[in-house]
Amino acid sequence: MNYALVTGGSRGLGAAICRRLASQGLGIIINYRSNESAAREVADDIIASGGTAELLPFDVSSEESVDAALEMWEDSHSGDRITVLVNNAGIREDNLLIFMQTDQWHNVINTTLDGFFFVTRRVLKGMLTKRFGRIINIASLSGLKGLPGQANYSAAKAALIGATKALAQEVAPRKVTVNAVAPGFIKSDMTKDLDEENLKKLVPLGRFGEAEEVAALVGFLASAESSYITGETISINGGLY
């Protein structure tokens, strides 16, 4: 069976992406770090709808945790393979740079960038061997324009976009595509502390986006129909630039 691995798949965007990819016939590997109950709820929803889903907890920022978990999965799924990887795991620890603590900088950078590196490197070998794969990196409007109070988050997401462009060129000969999705303001756990009433006035479409709208774009990029798109960063932000 072909599987999609979604990091940070227990809540928000990650959960919506899991459900969408399951509806496209992929088995879903729901990665999470600590919130097992939320991850279990997503898996139960997918299974109740006739899909296949399983949990795989690991810390994306830990090389040892990533390798151990994926080695265990591979050993127990000899006839299966991961054909889609969605690097969604990320955290926000906003602060003005002058007040930002060292751990706030490293926590955000390590989750996004080390997570991308450790997980993608591990999964990529199988994709290259089978000459097919879809890697979709969840970036952000913050990584394109920069947002005040998010120097760490903007740096991490901008670097992820650069890595997307570089890796796309490395793996294209093996029919593996690599793209990034850059959401603007989307209703999710990540944005629940934001002032939606005021911020939506900045958005030409006049509202925050829905997680399912981002998931639909990810679903397209994971499909066969997107086979000539690679190295791209696609914004989904209601016209906010």
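Me: Which residues does Gln-104 touch, leaving out those up to four places away in sequence?
Reply: This is a predicted model, and in it Gln-104 touches Glu-93, Asp-94, Asn-95, Phe-99 and Asn-152.

Me: And where is Gln-104 placed?
Reply: Gln-104 belongs to helix α4.

Me: Is Gln-104 buried or exposed?
Reply: Gln-104 is buried, with a relative accessible area of 15%. The cut-off for buried is under 20%.

Me: What about the helix itself? At what angle does α4 pack with α6?
Reply: The angle between α4 (residues 102–130) and α6 (residues 151–171) is about 15 degrees, and their axes are 8 Å apart. So α4 is roughly parallel to α6, as angles under 35 degrees count that way.

Me: Which residues make that contact?
Reply: On the α4 side they include Gln-104, Trp-105, Val-108, Ile-109 and Phe-116. From α6, Asn-152, Tyr-153, Lys-157, Leu-160 and Leu-167 are among them.

Me: How many of the residues in the contact of α4 with α6 are nonpolar, polar or charged?
Reply: That contact has 16 nonpolar residues, 4 polar and 1 charged.

Me: Is the crossing of α4 and α6 left-handed or right-handed?
Reply: α4 and α6 cross in a right-handed way.

Me: Okay, now α3. How far apart are the axes of α3 and α4?
Reply: The axes of α3 (residues 63–75) and α4 are 9 Å apart, and the two helices pack at an angle of about 30 degrees. They are therefore roughly parallel to each other. The crossing of α3 with α4 is right-handed.

Me: Which residues meet there, between α3 and α4?
Reply: From α3 there are Glu-63, Val-66, Asp-67, Leu-70, Glu-71 and Glu-74. They meet Phe-118, Val-119, Arg-121, Arg-122 and Val-123 of α4.

Me: Switching topic: where is Arg-131 found?
Reply: Arg-131 is in the loop between α4 and β5 (133–138). Its phi is positive, about 60 degrees, although Arg-131 is not a glycine.

Me: Why point that out?
Reply: Because most residues other than glycine have a negative phi.

Me: How accessible are they, Arg-131 and Lys-175?
Reply: Arg-131 is partly exposed, with a relative accessible area of 40%. Lys-175 is partly exposed too, at 49%.

Me: Let's go to α1. How many residues does α1 have?
Reply: α1 (residues 12–23) has 12 residues. From its first C-alpha to its last, α1 reaches 17 Å, close to the expected 16 Å. Just after α1 comes Gly-25, with a positive phi of about 95 degrees.

Me: Which residues of α1 are buried?
Reply: The buried residues of α1 are Leu-13, Gly-14, Ala-15, Ala-16, Ile-17, Cys-18, Leu-21 and Ala-22.

Me: Last one: what does Asn-88 touch, again skipping residues up to four places away in sequence?
Reply: Asn-88 touches Val-6, Thr-7, Gly-8, Leu-13, Gly-14, Ile-17 and Ile-138. Asn-88 is in the loop between β4 (81–87) and α4, and Asn-88 is buried, with a relative accessible area of 11%.

How values were computed. Residues are numbered from 1 along each chain as its sequence is written. This is a predicted model: local features need pLDDT of at least 70, side-chain atom pairs count only at pLDDT 80 or more; totals for chains, interfaces and linings use all residues. Side-chain values use heavy atoms; hydrogens and water are left out. Axes are lines fitted to C-alpha atoms, for helices over the stretch in contact, and angles run from 0 to 180 degrees between N-to-C directions. Helices (H or I, at least four residues) and strands (E, at least two) are DSSP runs, numbered from the N terminus. Angles under 35 degrees count as roughly parallel, over 145 as roughly antiparallel, 65 to 115 as roughly perpendicular and the rest as oblique. A crossing is left-handed if the near helix is turned anticlockwise from the far one by less than a right angle, and right-handed if clockwise. Contact means heavy atoms within 4.5 Å. Ala, Val, Leu, Ile, Met, Phe, Trp, Tyr, Cys and Pro count as nonpolar, Asp, Glu, Lys and Arg as charged, and the others, Gly among them, as polar. The expected span of a helix is 1.5 Å times one less than its number of residues. Buried means under 20% relative accessible area, exposed over 50%, partly exposed in between (1.4 Å probe, protein chains only).
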